[in-house]
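The paragraphs below go through a structure chain by chain and contact by contact. Please keep the sequence and the coordinates open while reading.

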Amino acid sequence: MEKKESLLFQVTITGLGGQGALLFGQLLAEAGATRFKNVSFFPQYATVMRGGESECTVTLSEEEIDSPLVFEPQTAVVMAAPQLKQFEKRVVSGGMIFIDSSVITEKIERRDVKVFYLPATRAATELGDTRVANLVFLGAYLAATEAIPIEAVEEILDKRFKGRIKETLLSLNKKALRAGAKLVIGKRED
Amino acid sequence: MAEWILSSGNEAAARGAIQAGCKYFFGYPITPQNEIAEFLSEELPKIGGVYLQSDGEGAAAYMLFGGALTGQRVMTATSSPGFSLMHEAISHMAMVEAPAVIIEVMRLGPGAGTGGQQGQTDYRQMTKGGGHGAYRNIVLAPYTVQEIFDFTQLAFYLADKYRILVIVATDFILGRMTERVNLRSLNFPPLPAKDWALKGKDQKDGKSDHHMSALVFGGIPEFFQHQTEKHQRIIEEETRVENYQAENARLIIIAYGSTARAARRAVNIARKNGLEVGLLRPITLWPFPKEAIKKAASRAEKVLVVEDSPGELVEDVEAAVLEQVPVHLLGIWARHHSGPSGLIYPERIFQEIKALI
Amino acid sequence: MDRQLIYGKPGLLTGPSLHHCPGCHYGIILGVLFEVIEELDIGGRAIAVTGGGCTARWARYLDIDTTGGIHGPGPAIASAIKRIYPESIVFVAQGDGEQGAIGLGYFMNSALRAEKITIMGFNNACFGTTGGQMAPTTLLGMKTSTSPLGRNPQTEGFPFHAPELIATIKGTAYAARVSVHTSANRQRAKAALKTAFQKQIDGVGFSLVEFIAACPPNWHLSPGDCLKFIEEKMLVEFPLGDFKNVDTIDYSMPVF
């Protein structure tokens, strides 16, 4: 598992339009920029507003980031079934894959990657809104990698959304982050 | 005081324009440049400027033409199909030497293409003219968000220095990617006064200016002589290229823009694997760094051009290398899948390096 | 006997002569324009945008700031100039082909954006410069070099009426059609152009004056017969007069 002293964190988040893969990436990038010298965020999504596959890659690094796009990321967060097979192949050996086990039943065959089967959608639904599954994943990612503290993301949430959305929605997002972290801590081996 | 922010490439282009003192933007929606127009439609009115939404890219380019002739700094932004629509006006701007800046956020393919996804298929159109009449535009090709911010400022300086249109060539990847940007104001040498600008005679001690076809109203050889001399001066003074570990490389990669980022990573991977590979990155696509490439090729064994295109940059590279060494192309076929969101990844470039070296 | 100058070259005319064909009305219209600019005293802040075709060289006849472009982009160019220098007086001189065909989009959209600019449109029922081909304003049945059997509405549609169309747009302050084929009409044309510029000076809205103009070589008529043709044919299809003339436009914006 990656440790805090690692100079590089790199994650690709993939889902369907509307699942919030991009927001995951934006929050991580913005929060990461307060802790890391270099940050890149590269989103890929269909031209139209809804429905297509949606994906982004975030890199946090103390060193220069040569390329914002990487074919073989350290970590993949897979929020929808269609992208699983592709990312099972792409993640580097020794990397991590996060899978939404509430919507994806398939299992990863590779043995050289650490896999987190997390019921993110179910956890989000229990919190009151399916749409915060992305924040559940972000919390889980941060707990598993310790790339940056969860508080750094909470600060960004406050900065972006305080006064613009309902206080209950803001606190729901924060709860989702914490819930995600808990899901992982229960599964950590160390 | 320099200030750091996280910015997308598109937003950086818009911010760079404001930093350069551009207060007038003529927009028309097209993916993937919309963030530029959206940002400026909000910001320009705050600084006493104007965001004017045109009735199409053809109109936007003519607004750019009119705006440039007022002597103010003006800009438009577009993506490939819209860029095609602009070319009558672009050609006309070359005729009257109207200085302005266009941000071209390329998208793939002829026609509607992918409807707005990644591609580098406008190289010829940007560098060879695109419109009629044997003219030139300066084309700057940034490859980081910081460079997009900086080069947009540089573009305005060069436009005014030479009375020429400057195109800042980005693409889907560069427009969308977000990085840290130092919002620094670049300092440039003083520029000549725009004593030719249209602003009404009262503003110019009664002098009137006329910006029409120099060919109808002036000498034809003189016009082209003047243009050619100007282009020669630009070639001599403004050609820019980045050399990344290409000094003693056996294999030299040549790539620009987003693809050069992927190539840079491929070079890093190759060097870690003990392979002597370097990157020569044209920063100005026109003027093309022909001499630098010719010289580098004479010391290398092979040249590999990487571009997200069926092969346009490679033509200029071949013309520069002059058959000293073999020139290979890793083109659009190197994408990771055949769908519209396919990309050329660094890992794929590294594979090609291994195959060639 | 003391000699007195009663008529001279307009002060804003740069050169000694014009390139227009004998019997062409563009020279008369240019004279009207000079008088209006001088009487309104706007020469120092006027910027002219000419077109392709026979207005192209006007950019060199006028001792005011000028530019222009072929294929009808004048209204787009003028829009940008006016937005950047709102105190300037910006006008476009364009032909009917530019206005009704290739540049219809620029023209209509500048009116739709309620640009505070003035358009002078020239209707001579054909493409003059290129050799008398069919234009949007060509009369039904009229023979041109690209409608050798006469313009047929079934296949070529009906003549284009710019002022009538522009009058329907809310941002239009003034839309008129005039002619200069008689002395009285010339006076009316001058008054109309003056009104159009005044609308711009007052910031009311978009203004258009369409001028009917003879094109003797392409109409294959003598200059004298052209006047008759205007009276008997052109004015039947293209009635003269003001189609819209308002001093205020409601620019209030609902809040959403």
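The model shown here is predicted. A starting point is how its chains meet. There are two pairs of chains in contact, and of these chains B and C share the most contacts. Chain A and chain C are not joined by any contact, and their closest C-alpha atoms lie 17 Å apart.

Take the contact of chain B with chain C. Chain B gives 35 residues to this contact and chain C gives 35 residues. The two chains bury about 2700 Å² between them, and 61% of that area is on carbon and sulfur atoms. Between chain B and chain C there are three salt bridges. One of them pairs B:Lys204 with C:Asp65, with 2.6 Å between the closest N and O atoms. Polar contacts between chain B and chain C come to 18 residue pairs, both residues being at pLDDT 80 or more. On chain B, the elements that give two or more residues to the side touching chain C are strands S2 (24-27), S3 (50-53) and S9 (210-211), together with helices H3 (57-69), H5 (87-96) and H9 (214-217). Helix H3 of chain B provides the largest share of that side, eight residues. Sorted by class, the side of chain B that touches chain C holds 15 nonpolar, 12 polar and eight charged residues.

The other contact is that of chain A with chain B. Here 27 residues of chain A meet 26 residues of chain B. The area buried between chain A and chain B is about 2200 Å², with 54% of it on carbon and sulfur atoms. Two salt bridges are found across this interface. In one of these, B:Arg264 is paired with A:Glu64, and the closest N and O atoms are 2.9 Å apart. The count of residue pairs in polar contact between chain A and chain B is 13, both residues being at pLDDT 80 or more. On the side of chain A that touches chain B, at least two residues each come from helix H1 (21-33), strand S2 (38-45) and helix H2 (84-90) of chain A. Strand S2 of chain A has the largest share of that side, seven residues. By class, the side of chain A that touches chain B is made up of 14 nonpolar, six polar and seven charged residues.

Two residues show this interface in detail. A:Gln10 lies in strand S1 (residues 8-16) of chain A. Is A:Gln10 buried or exposed? A:Gln10 counts as buried because its relative accessible area is 3%, under the limit of 20%. Leaving aside residues up to four places away in sequence, A:Gln10 touches several residues of chain A, including A:Val58, A:Thr59, A:Val70, A:Glu72 and A:Tyr141, and also B:Arg265. B:Arg265 is located in helix H11 of chain B. With a relative accessible area of 18%, B:Arg265 is buried too.

B:Pro346 leads on to helix H14 (residues 346-356) of chain B, where it is one of the buried residues.

Inside chain C, C:Leu193 is a residue of helix H8 (residues 183-201). C:Leu193 is buried, with a relative accessible area of 0%. Residues up to four places away in sequence aside, C:Leu193 touches C:Val32, C:Leu33, C:Val36, C:Met120, C:Val209 and C:Phe211. The C-alpha atoms of C:Leu193 and C:Ile37 are separated by 9.6 Å, although the two residues are 156 residues apart along the chain.

A disulfide needs two cysteine sulfur atoms within 2.5 Å. The closest cysteine sulfur to that of C:Cys21 is in C:Cys24, at 6.2 Å, so the distance is too far for a bond. C:Cys21 is partly exposed, with a relative accessible area of 40%. For C:Cys226, the closest cysteine sulfur is in C:Cys215, 7.7 Å away, and this is also too far for a bond. C:Cys226 is buried, with a relative accessible area of 0%.

Methods:
Residues numbered from 1 in each chain as written. Chains lettered and ligands numbered in written order. Predicted model: local features only at pLDDT ≥ 70, side-chain atom pairs only at ≥ 80, totals over all residues. Heavy atoms only, no water. Buried < 20%, exposed > 50% of the residue type's maximum accessible area, 1.4 Å probe, protein only. Contact = heavy atoms within 4.5 Å. Buried area = accessible area lost by both parts, 1.4 Å probe. Salt bridge = Lys/Arg side-chain N within 4 Å of Asp/Glu carboxyl O. Polar contact = N/O pair within 3.5 Å; in protein donor to acceptor, adjacent residues only side chain to side chain. Helix = DSSP H or I, 4+ residues; strand = E, 2+ residues; numbered from the N terminus. Nonpolar A, V, L, I, M, F, W, Y, C, P; charged D, E, K, R; others polar.
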